[in-house]
Amino acid sequence: MIRVIIDSATDINQQIIDLYGDKFDFIPLSVIMDGKSYTDRVDVTLQEVHNYMKDGNMPKTSQISPQAAIDKFTEIAEAGDDAIYISLSSALSGTYQVGMNALREVQEEYPDFKGAIIDSKSAAGLLTILYVQAQELIKADVPFDEIVELLNDQAEHGVTFLCVDDLNWLAKGGRLPKAIGTIGSMLKVKPFLSLDDNGEIIKEALVRGKDRVYTKMIEKSIDLLQQTSEQIVVVSHVGRVEIAEKIKASIKEAVNATILITEISPVTAAHIGIGGAGVFFLNHVPNEYRIPNALKH
């Protein structure tokens with residue numbers, strides 16, 4: 001059996017957990033709040049992280065621990081199964097390399113164990129799409145090596161759009177000087193961001209006005225989606241589901257897509273802050289692309 005591993009960088013909702021619940025393999029990252037480290041989804045919930053942020057606090061996150069990755073790969077190898085780990089962009093985190101090192105170590109002890117690490121070149125909702133595709137390809141009895149090839153190809157065609165509601169969050173995370181964050185917030189300047197082909201953050205635009213940054217992201221998403229076939233689109237948010245619902249409704253009105261709403265995982269939420277949102281999809285839909293009936297609506 002092929003098992004798919006995800007971690008705390010993936011925007012996973014209960015609908016997807018229920019859909020693939022008997023095959024849910026998860027490696028948690030640590031979330032640090034008020035100097036105390038919590039294991040994601042073990043001793044802290046996503047809602048608790050978001051509530052902490054609503055009080056104006058900035059959590060920190062760490063990459064997966066080498067031992068956690070080794071333990072998960074060992075568990076799967078001992079069960080006689082194979083593993084595909086879908087990782088946060090290698091340009092954004094050392095998690096990908098930690099996974100690669102852990103896989104090599106376990107394969108030395110279990111030479112028949114087949115494993116692969118997929119560099120998503122993205123974060124959050126794009127990992128969700130790759131996870132669904134991996135599970136559906138496994139259900140269709142597609143061979144291991146072909147699944148890996150297909151997922152790597154889809155990762156190359158991922159689109160990640162992010163917007164930040166308050167520049168102070170980027171300042172708190174050390175990505176902007178505090179003075180710029182304060183001035184930007186006073187002027188109501190909001191950044192619209194994307195990831196380039198290497199999975200690194202780039203600025204699409206700086207937008208003034210409370211809702212205009214979301215409108216900009218919606219317009220850019222619709223423009224690209226109108227050039228592709230029907231697919232899954234993930235709309236994620238940090239503590240503001242009404243924003244996600246608005247984005248979903250606008251995209252749904254313009255294109256034929258299966259749109260999932262998720263809450264942004266602690267890894268991404270810690271950088272874009274409360275009110276941040278993202279839209280994730282592919283700019284090219286391959287013939288092997290699958291949309292589960294349970295997700296269509």
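## Backbone around helix α2

In this predicted model, helix α2 is followed by Gly56, whose phi is positive, near 90°. Positive phi values also occur at residues other than glycine. Asp34, with a phi of about 55°, is placed in the loop between β3 (30–33) and β4 (36–39). Because its relative accessibility is 67%, Asp34 counts as exposed.

Arg41 is likewise not a glycine, and its phi is near 65°. This residue lies in the loop between β4 and α2 (46–54). Its relative accessibility of 39% makes Arg41 partly exposed. The charged end of Arg41 sits over the ring of Phe26, 5.7 Å from the ring centre.

## The buried side of α2

Which residues of α2 are buried? They are Leu46, Val49, His50, Tyr52 and Met53. These residues lie on the same side of α2, because they cover an arc of only 155° around the axis. In general, an α-helix has 3.6 residues a turn, so residues three or four places apart point the same way.

## An open three-stranded sheet

Three strands make up an open sheet with the order β4-β3-β5 and antiparallel pairing. The edges are taken by β4 and β5 (60–61); each has a single partner strand, so one side of each lacks a neighbour in the sheet.

Between β3 and β5, which run antiparallel, there are two bridges. Within this part of the sheet, Val31 stands opposite Thr61 in β5. As a rule, strands of a sheet pair through backbone hydrogen bonds, either parallel or antiparallel.

## Aromatic pairs

The structure contains four aromatic pairs. In one of them, the rings of Tyr20 and Tyr131 have centres 5.8 Å apart and planes at 90°, so the pair is edge-to-face. Tyr20 belongs to the loop between α1 (14–19) and β2 (25–27), whereas Tyr131 belongs to helix α5 (residues 125–139); the pair therefore ties together parts that are 111 residues apart in sequence. Both residues are classed by their accessibility: Tyr20, at 2%, counts as buried, and Tyr131, at 1%, also counts as buried.

The rings of Phe73 and Tyr85 are edge-to-face as well, because their planes stand at 70°, with the centres 6.4 Å apart. This pair links distant parts of the chain, with Phe73 in helix α3 (residues 66–78) and Tyr85 in strand β6 (residues 82–87), twelve residues apart. Phe73 and Tyr85 are both buried. Ring pairs join Phe73, Tyr85 and Phe113 into a cluster.

Key. Residues numbered from 1 in each chain as written. Predicted model: local features only at pLDDT ≥ 70, side-chain atom pairs only at ≥ 80, totals over all residues. Heavy atoms only, no water. Helix = DSSP H or I, 4+ residues; strand = E, 2+ residues; numbered from the N terminus. Buried < 20%, exposed > 50% of the residue type's maximum accessible area, 1.4 Å probe, protein only. Arc of directions from axis to C-beta. Pairing = 2+ DSSP bridges. Phe/Tyr/Trp six-rings, centres within 6.5 Å; stacked < 30°, edge-to-face > 60°. Lys NZ or Arg CZ within 6 Å of the ring centre and 35° of its normal.
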